Amino acid sequence: MKPNVYFTRELTPEAMLRLYAALGVKLDGKVAVKLHSGEPGNQNFLRPDFMKPMIDHVGGVIVECNTAYDGGRNTTDAHRHTMDAHGWTAAAPVDIMDEDGDMELAIPGGKVIQKNYVGANLKNYDSLLVLSHFKGHPMGGFGGALKNISIGIASSHGKVYIHGAGDEEKFWDSDHDSFLEAMADAAWSIHNRFQGKVAYLNVMKNMSVDCDCCAVAADPKIGDIGILASLDPVALDQACLDLVYQSDDPGKADLIQRIESLNGVHTVEAAAALGIGTREYELVELN
């Protein structure tokens with residue numbers, strides 16, 4: 001049976017709550033909510049007022065990990081300052097999960113990497129809600145649910161390990177497809193850890209070719225599309241890609257060029273090959 005991907009064109013916090021209800025999942029215990037804090041200077045990241053009702057609904061803790069490059073989120077102190085400046089700490093409790101280091105997750109069937117270094121505080125959570133801003137990315141081609149649980153939950157050290165496809169000396173210059181496959185491997189370790197206690201929502205709004213990690217990002221050229229939700233992150237990211245290609249907005253060419261120039265779909269292909277999910281799905285549109 002193909003997994004359902006629920007879709008609404010309504011871009012409101014209330015719509016997110018309806019999509020989450022449609023998933024029929026119960027995230028219990030201590031719930032980690034993974035989102036993107038936004039690099040200082042970025043104009044496109046999704047704001048706390050949009051996310052807060054969903055976070056409150058699950059009683060969640062916002063979780064992030066530090067970056068592996070210079071900027072406003074590369075140390076815990078800098079990251080906390082950014083989270084405060086962007087309004088996240090006022091919206092909900094915040095946990096920089098690699099504040100005290102990392103822990104290792106095994107990836108027995110990983111194609112490129114067989115271990116993933118994640119923020120050590122991940123061990124404190126029973127369930128995971130992944131709120132992703134779907135948009136382009138200057139290294140991955142696009143960012144969605146798979147990138148949010150791989151690079152996003154990796155510790156600062158883990159980010160270097162994934163980008164280097166297992167060789168930290170090749171942080172910025174590893175084989176590109178191997179980097180995408182390493183992201184898929186890392187995503188497997190997170191999805192597997194929370195199997196049955198994880199839900200994914202992608203917001204197709206402010207879809208620049210650049211990530212929220214860019215301090216200087218291009219303005220979006222394609223119009224907003226909507227919100228999607230699924231228990232299958234592969235199906236979810238594939239559905240978002242399909243909606244971009246199916247759009248009648250001529251501005252889509254900008255985003256498609258970014259995705260294709262970096263073979264972005266390969267992360268989805270690799271994740272499907274690992275068994276995280278399937279690229280086939282039923283799109284269920286909700287009012």
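**View 1. The buried residues of helix H6 are Gly158, Lys159, Val160, Tyr161, Ile162 and His163.** Buried here means under 20% relative accessible area, exposed means over 50%, and partly exposed falls in between (1.4 Å probe, protein chains only). This is a predicted model, where local features need pLDDT of at least 70 and side-chain atom pairs pLDDT 80 or more, while totals for chains, interfaces and linings use all residues. Numbering starts at 1 along each chain as its sequence is written, and side-chain values use heavy atoms, leaving out hydrogens and water. Because six of its eight residues are buried, H6 is largely enclosed by the rest of the structure. So what do those buried residues of H6 pack against? Their partners are strand S6 (115-119), helix H5 and helix H7, with contact meaning heavy atoms within 4.5 Å. Helices (H or I, at least four residues) and strands (E, at least two) are DSSP runs numbered from the N terminus.

**View 2. Just past the end of H6 sits alanine 165, with a positive phi of about 55°.** Alanine 165 has that positive phi even though it is not a glycine. You'll find alanine 165 in the loop that links H6 to helix H7 (176-193). Its relative accessible area is 18%, so alanine 165 counts as buried.

**View 3. Asparagine 263 is another non-glycine residue with a positive phi, of about 55°.** Look for asparagine 263 in the loop between helix H9 (252-261) and helix H10 (265-274). Is asparagine 263 buried or partly exposed? It is partly exposed, with a relative accessible area of 30%.

**View 4. Glycine 119 belongs to strand S6.** This is the strand that the buried residues of H6 pack against, along with H5 and H7. At 0% relative accessibility, glycine 119 is buried. Setting aside neighbours within four places in sequence, glycine 119 touches Cys65, Met97, Asp98, Gly101, Asp102, Met103, Ile153, Ala154 and Ser155. Lysine 205, 86 residues from glycine 119 along the sequence, lies 28 Å away, C-alpha to C-alpha.

**View 5. Glutamate 181 has its place in helix H7.** Its relative accessibility is 10%, which puts glutamate 181 among the buried residues. What does it meet once neighbours within four places in sequence are left aside? Glutamate 181 is in contact with Lys111, Val112, His266 and Ala270.

**View 6. Glycine 136 is part of strand S8.** It has a relative accessible area of 0%, so glycine 136 is buried. Ignoring residues up to four places away in sequence, glycine 136 touches Gly141, Phe142, Gly143, Ser208, Val209, Asp210, Cys211 and Leu255. Glycine 264 is 128 residues from glycine 136 along the chain, yet their C-alpha atoms are separated by 9.1 Å.

**View 7. The largest pocket has a volume of about 430 Å³.** Of its 28 lining residues, Tyr69, His137, Lys147, Ile151 and Cys213 are the closest to its centre. On a 1 Å grid over the protein atoms alone, a pocket is an open set of points with protein on both sides within 12 Å along at least five of seven lines, a cavity is a set where a 1.4 Å probe fits but cannot get out, and lining residues have an atom within 4 Å of a point. Points join across faces, edges and corners, and a volume is the space filled by probe spheres set on them. By class, the pocket lining splits into 12 nonpolar, 10 polar and six charged residues. Ala, Val, Leu, Ile, Met, Phe, Trp, Tyr, Cys and Pro are nonpolar, Asp, Glu, Lys and Arg charged, and the others, including Gly, polar.

**View 8. The search of the whole structure turns up one cavity of 30 Å³ or more.** The largest cavity has a volume of about 30 Å³. Who lines the largest cavity? The lining is Gly140, Phe142, Gly143, Gly144, Leu146, Lys147, Met183 and Thr267. Strand S9 (141-143) and H5 each bring at least two residues to this lining. Three of the lining residues are nonpolar, four polar and one charged.
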